[in-house]
Amino acid sequence: MNAEIQTQEHLSDAHSEASFRTSLPSHLALRTSHFRSSRLAQLTFGNGKHVDFPIVFAPMAGLSHVAFRQVVRSYLPAGVSALLFTEMLSTRLLPDEDVGHTPQTQVAPGEEDLIPQLLGNDEGLIEKSLEKLQAIRPAGIDINMGCPVSKVLKHNWGVALMGDIGYAEKVVRQTRRLTALPLSVKMRTGLTDDPEYLVDFARMLQEAGADWITLHPRIQAHHRKGSAKWSYIARVREAVRIPVVGNGDIQESEDVLRMQDATGCDGVMVARASTARPWIFWQVGESLGLPPPAGREGERAPRTPAEEGREYCRALNHFCDELEQRFLAEQQLPRLRLFLAWGHKWLFFGHYLSTRVNRCTDLPAARKVIDTFFAESKTIQPRTSLQ
Ligand SMILES: Cc1cc2nc3c(=O)[nH]c(=O)nc-3n(C[C@H](O)[C@H](O)[C@H](O)COP(=O)(O)O)c2cc1C
């Protein structure tokens, strides 16, 4: 066991979690070779490809749709092979859906790196959902064992599955039998803060046939409050043979590399921060010596608050273009509002923008508000309070 991780085995309370974060090595050397030897890079996905980029785009209900994914894609270093999740998809709805053409399942041409995330526990519905999902040629399949909201828990979906290890095992074994695609589980710490149970649960997932795990180390009751306990990512990574992707509280590109250093994780999943700086994919790529995104040749990734402010205006306009192109008029504004509800937290005067856009009645009106707001230059802060 690596010494850094060994010390972290004993960290559990909030205080030691804080010192865990601040005592990390300050050097951020290139990690391209690290990633090639990562367990995640060894898996063959449905598109026949191997992943060669360390950031995974997270599932976010109402956000990880085709329009946002297109924005994220525009910031991927040219030529890399990454993984992008869909938003969570209900196995109660998928069997009757025109998969590939609903707002939650539509895809852009060439999207062969998608991980659709299933919400459910019923074998028959999972089977039908998997059949339907073939229409979008997934790279892999994920089972949601992290959603903490009560209307999901009452059906024994999401993180509720972590409360019953035997039942969760059955769901994974059944799904394993139903698909040859790489199968993952996105999980939390669980219903309670019990790292030993968490490790047992992760080992169970491995034995039941999961090919990889994403861990968001918070308990159900914390939703997204407080700090994610990165030390638990290190513990789980040590305890299993399969790849472990870490998730939680990534705000800046340095955090991605810091999480890898601190936990030994095989990849890093980014959710909320991608609504504020989707170019975090470019920034990390640049730190790893990878080329700029297609169409941005010869440019450097935005880094200063002013550069990021300018880029946010550009990304927001790109997002609106994609919404117009891919969604019906009445579907556009709710998606822009949700995008800004998270992204505005990093943007100087972002609350003002978000409030003004919330008052608009359609996307063209919101675009005028955006134009006026960015007529004067704005900045993006490196970090914000995520509470
Ligand atoms: C608006 C929103 C919707 C989310 N929806 C999902 C979801 O559908 N499935 C899921 O597994 N996690 C979902 N999450 C959780 C994120 O994937 C991620 O685990 C969490 O936000 C912590 O990562 P972060 O600190 O990078 O934001 C959602 C988060 C947000 C903010």
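A polar contact is a pair of N or O atoms within 3.5 Å. The legends below describe close-up views of a predicted model.

Figure 1. At Pro59, a polar backbone atom is 2.9 Å from an oxygen atom of the ligand. At Ala61, the ligand atom concerned is a nitrogen, and a backbone N or O atom of the residue lies 2.8 Å from it. At Asp249, a polar backbone atom and an oxygen atom of the ligand are 2.7 Å apart. On its own, the ligand has 610 Å² of accessible area, of which the protein covers 94%.

**Figure 2. Glu286 in helix α11.** Helix α11 comprises residues 280-287, and Glu286 is one of them. The relative accessible area of Glu286 is 16%. Because buried means under 20%, Glu286 is classed as buried.

**Figure 3. The surroundings of Glu286.** Which residues does Glu286 touch, not counting residues up to four places away in sequence? They are Glu299, Arg300, Ala301 and Arg303. With Ala301, the side chain of Glu286 reaches the backbone nitrogen at 2.7 Å.

Terms used. Residues numbered from 1 in each chain as written. Predicted model: local features only at pLDDT ≥ 70, side-chain atom pairs only at ≥ 80, totals over all residues. Heavy atoms only, no water. Helix = DSSP H or I, 4+ residues; strand = E, 2+ residues; numbered from the N terminus. Buried < 20%, exposed > 50% of the residue type's maximum accessible area, 1.4 Å probe, protein only. Polar contact = N/O pair within 3.5 Å; in protein donor to acceptor, adjacent residues only side chain to side chain. Contact = heavy atoms within 4.5 Å. Areas by Shrake-Rupley, 256 points an atom, 1.4 Å probe, with all protein chains shown as cover.
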